Structures are given as C-alpha cells and as structure tokens.
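Here is a friendly walk through one protein model. Please keep the viewer open while you read.

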Amino acid sequence: MKNYYGSLCTEMYEFLHCHASEEELAFYLSYAKEGMRILEPLCGSGRFLIPFMQRGFDIQGVDSSREMLEKLRRKAPDAHVVQCDIMSYRPSVLFDYAFVASSSMSLFTEVATCRSVLATIRRMLKPDGILVFGVDTVACKHEDDADYRLIAIAPMPESRVLTLRSRNRYEKETQTQFSPGLYELKKEDKVLQSETMDFQTHLYRFGEMENLLADTGFSDVKTYRSFSKEKAVDSVGEMFLFECRASARRA
C-alpha cells in the first residue's frame, strides 16, 4: 500500500524521528490557544501530539497506520486517537485548529486526492478555524539512483539490527518523487523479517497549493518558507508552510 507505515517502517521512523525538532514544534504550538479543540490528521506515532498533550491541550489524532498508533498508545495511553483514513473520519465535534506536520500533506500525490483531503479537513473546522501544514517543494527532488542504497541502520534489542535501503526516481511530469523503501530486520546477517514501502511524495511549486486551498473553502492564506514565518515568494527552498482559515462557505 502506498505510503503505509508498517511495523518495520514504524521502528525505523521511531529511531530516526522519535522527537519533533524544537523549531518545528514551536511553529505548530504558536497557533494553539487555551480552550481550543485541536486535530492532528496523520499524527503517526505522536511526536507532535504527545507534546501538545503534555502542555494540556485538548487534541485528537487520526492515522491510518495501526502500527504507528500502537507505538503512540504505548507512549501515551490516554491519547485520543482514531485509526482510520482521514477521508473516513467522522468526529462528533468541530475543531478550532488543525495541523499536519512534517510535510505529510505531500503524501497525497494525486491532485484530486489532495483536494478531497483539504475539503474534508475544512468540514471538520469551525468557521474561521485555522489549518496549518507543510509540503515539500521541487527543490527536494533527488537524483535518480541506479540501484537501492543504504539509508539508515538502527540497533534493535537482542543484538538485532534494522536496515533501510531506498532508491530514488523523480517523475517530472507529475512532480512525484518515488522513494521505495526496503526494510530488513537482521541478526548476524540473517534476515529475520523484511518489509517494503511504496513511498511517494508530490513536490510543490509556488502557487500550486494556494489554488487548491482557495478551491476547497480556505481563505487568508499565508505561505512561509521557514518555521520563523519568512514569507515565500518563489519555489526556492525545500518546504512551504501554509497558514489559512476556514471560510464560512462549506467546500
């Protein structure tokens, strides 16, 4: 399944990204106010959701990966999280603020799918509710690899190691970065378990997401190129960060 975080992928993710960077966490926290109902779609294993909880915020998370949410629940048993596709999520309340961290919106590689996801999140927000998220840009394009190459090695219990190999290919016509991953859990060079991940991301140009947001019922769109809220004016830089508000019109 495209972009699904399975068991070995989750373990490697925890090794590489156990904690949110202080700069990125501060960026998303800057929009949170006391008394807000907050939603984190694609919350993963909780590296943002848990710090929000620890600060006393009323936050709910949604993710399609059972393995990622199991990891989250082990770290925060009281977390309010739901395992489902964001398109299938039917909350009983509307939210004041929603954020999608770590450029995860780029995982929706088809424009029609991304449009539907934005419209779905819009319907979960109160009028004038805030949506904040990031995407990767075309500056993140990787050179094509001739073969799989070693990306990371993670030590595991019982003298085991987990390795990740990946191979990049960029499709210019669709602005899609293909980076399929091969995960292998080994002990003394014997493969105990393996897992593949069809990892794909859409790389954005300046103005592309802004049009989608306008089409799906968002207004007051601000585009930044850094967590310090430096205004973006072109496609230079490896990420765009968007701040916008749900207009009164329903998408």
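## Ground rules

This is a predicted model, where local features need pLDDT of at least 70, side-chain atom pairs count only at pLDDT 80 or more, and totals for chains, interfaces and linings use all residues. Residues are numbered from 1 along each chain as its sequence is written, and side-chain values use heavy atoms, with hydrogens and water left out.

Let's start with an open sheet of seven strands, ordered 3-2-1-4-5-14-13 with mixed pairing. Strand 3 (80-83) and strand 13 (218-224) are at the edges with a single partner strand each, so one side of each has no neighbour in the sheet. From one strand to the next, the twist averages 15°. Strands (E, at least two residues) and helices (H or I, at least four residues) are DSSP runs numbered from the N terminus, and two strands pair if DSSP finds at least two bridges between them.

Within this sheet, strand 5 (residues 125-136) pairs with strand 14 (residues 239-246) in the antiparallel sense, over seven bridges. Here aspartate 136 stands opposite methionine 239 of strand 14.

## Helices on the sheet

Helix 4 (residues 66-75) packs on the sheet and touches strand 2 (58-63) and strand 3, with its direction at about 160° to that of strand 3. Contact means heavy atoms within 4.5 Å. Angles run from 0 to 180 degrees between N-to-C directions, with axes fitted to C-alpha atoms, for helices over the stretch in contact.

Helix 5 (residues 111-124) lies across strand 1 (37-41), strand 4 (95-100), strand 5, strand 13 and strand 14, and runs at about 145° to strand 5.

## A hairpin

Strand 10 (residues 181-187) and strand 11 (residues 190-197) are antiparallel partners over seven bridges. Tyrosine 183 stands opposite glutamate 195 in strand 11. The two strands form a hairpin with two residues between them, and glutamate 188 in the turn has a positive phi of about 50°.

## A buried asparagine

Asparagine 3 lies in the segment before helix 1 (7-17). Its relative accessibility is 12%, so asparagine 3 counts as buried; the cut-offs are under 20% for buried, over 50% for exposed and in between for partly exposed, using a 1.4 Å probe and protein chains only.

Not counting residues up to four places away in sequence, asparagine 3 touches Leu107, Met197, Asp198, Phe199 and Gln200. Asparagine 3 and isoleucine 153 are 150 residues apart in sequence and 20 Å apart in space, C-alpha to C-alpha.

## Valine 161

Valine 161 is placed in strand 7 (residues 160-166). With 32% relative accessibility, valine 161 counts as partly exposed.
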